Amino acid sequence: MKEKVLYKTNSLSINLFIFFFGFVFFSFTIWYLFNTLKTNKEEDDIIAVYILSSIFSIGALGCLFYFFKTQIIKLTDKSLIISYQFLPSSKKILIEDILGFTQTAKPITYSNSLFDKGSTVHTIFETFINLKNGKKIKTYSLSEYDFKEVRKLVEKIKRGESKFEIIKLSTIEFLVQNLSVLLFLIVCLILIAGLSEALIFN
């Protein structure tokens with residue numbers, strides 16, 4: 001008998017946007033660096049471009065790696081399933097094996113100078129699923145809201161409750177909740193597109 005899905009995290013993850021933007025940014029930077037060699041062909045400039053391009057290539061590959069490793073979490077009345085959005089792989093954890101959950105907020109800050117305290121642009125939530133055998137499973141797929149809902153449902157399932165009041169964020173609510181981050185990424189993409197057009201036509 002197929003298990004009924006009680007809760008599923010939003011496939012439109014904000015981390016997905018961040019990793020995609022990171023890949024675009026690093027890729028554009030590499031292209032820009034090599035484009036400068038059309039006018040600067042000195043040996044020192046060529047070496048500098050290849051060194052910097054190697055560093056940015058690592059960043060681009062890292063973003064692409066985490067982009068494909070973006071996870072979706074499903075909760076049924078018997079298990080918690082962690083699957084990858086773009087990869088054919090999943091991990092199934094029985095509810096009875098779960099001891100509890102812990103979550104830590106890791107803010108990403110932006111500052112204009114070294115002496116500026118900076119402001120929080122986005123907060124990444126690192127979640128650990130603690131198992132009875134002492135092992136911990138780490139995931140970044142649970143937002144603060146998802147964390148509270150999943151933990152609440154798991155506790156109800158363990159108590160043997162059969163009725164669940166499930167309130168899930170709609171796509172519009174998700175976009176409103178992450179509006180500041182999305183606007184920041186959109187502005188950055190517009191700037192990259194503008195610079196690309198300027199370089200192409202000049």
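Author: Start with the largest nonpolar core, which has 19 residues. A nonpolar core is a set of buried Ala, Val, Leu, Ile, Met, Phe, Trp, Tyr and Cys residues joined through side-chain atoms within 4.5 Å. Buried means under 20% relative accessible area, exposed means over 50%, and partly exposed lies in between, with a 1.4 Å probe and protein chains only. The members that touch the most other members are Leu 75, Leu 80, Ile 93, Ile 98, Phe 101, Ile 129 and Val 150. Two or more residues come from each of β1 (5-8), β2, β3, β5 (98-110), β6 and α3 (144-158). Helix α3 gives the largest share, five residues. Helices (H or I, at least four residues) and strands (E, at least two) are DSSP runs, numbered from the N terminus. In soluble globular proteins, nonpolar side chains tend to be buried together.

A word on the source. This is a predicted model, so local features need pLDDT of at least 70 and side-chain atom pairs count only at pLDDT 80 or more, while totals for chains, interfaces and linings use all residues. Residues are numbered from 1 along each chain as its sequence is written, and side-chain values use heavy atoms, with hydrogens and water left out.

Now take one core member, Ile 129. Leaving aside residues up to four places away in sequence, Ile 129 touches Leu 80, Ile 82, Ile 93, Ile 98, Gly 100, Phe 101, Lys 135, Lys 136 and Ile 137. Contact here means heavy atoms within 4.5 Å.

Next, the strands. Strand β2 covers residues 71-76 and strand β3 covers residues 79-84. They run antiparallel, joined by five bridges. Two strands pair if DSSP finds at least two bridges between them. Ile 73 has Ile 82 of β3 as its bridge partner. The hairpin from β2 to β3 passes through two residues. Strand β3 also pairs with β4 (residues 90-94), again antiparallel and over five bridges. There, Ser 83 has Ser 90 of β4 as its bridge partner. The hairpin from β3 to β4 passes through five residues. In a regular strand the side chains alternate between the two faces of the sheet.

Move to strand β6, residues 119-131, where Thr 127 sits. Thr 127 is buried because its relative accessible area is 0%. Its side chain makes a polar contact with the side chain of Gln 103, at 2.9 Å. A polar contact is a pair of N or O atoms within 3.5 Å; within protein, one must be able to donate a hydrogen and the other to accept it, and residues adjacent in sequence count only if both atoms are side-chain atoms. Beyond residues up to four places away in sequence, Thr 127 touches Thr 102, Gln 103, Ile 137, Lys 138, Thr 139, Leu 142 and Phe 147. Take Phe 147: it is 20 residues from Thr 127 in sequence, and the two C-alpha atoms are 8.0 Å apart.

Helix α3 has 15 residues and reaches 21 Å from its first C-alpha to its last, close to the 21 Å expected at 1.5 Å a residue. The expected span is 1.5 Å times one less than the number of residues. After α3 comes Gly 160, with a positive phi near 85 degrees.

Look at another helix, α2, residues 43-68. It has 26 residues and reaches 37 Å between its first and last C-alpha, close to the expected 38 Å. Its buried residues include Val 49, Gly 59 and Phe 67.

Last, the whole protein. It has five helices and seven strands. Of its 202 residues, 32% count as buried. Among contacts with a separation of 6 or more, 57% come from residues 24 or more positions apart.
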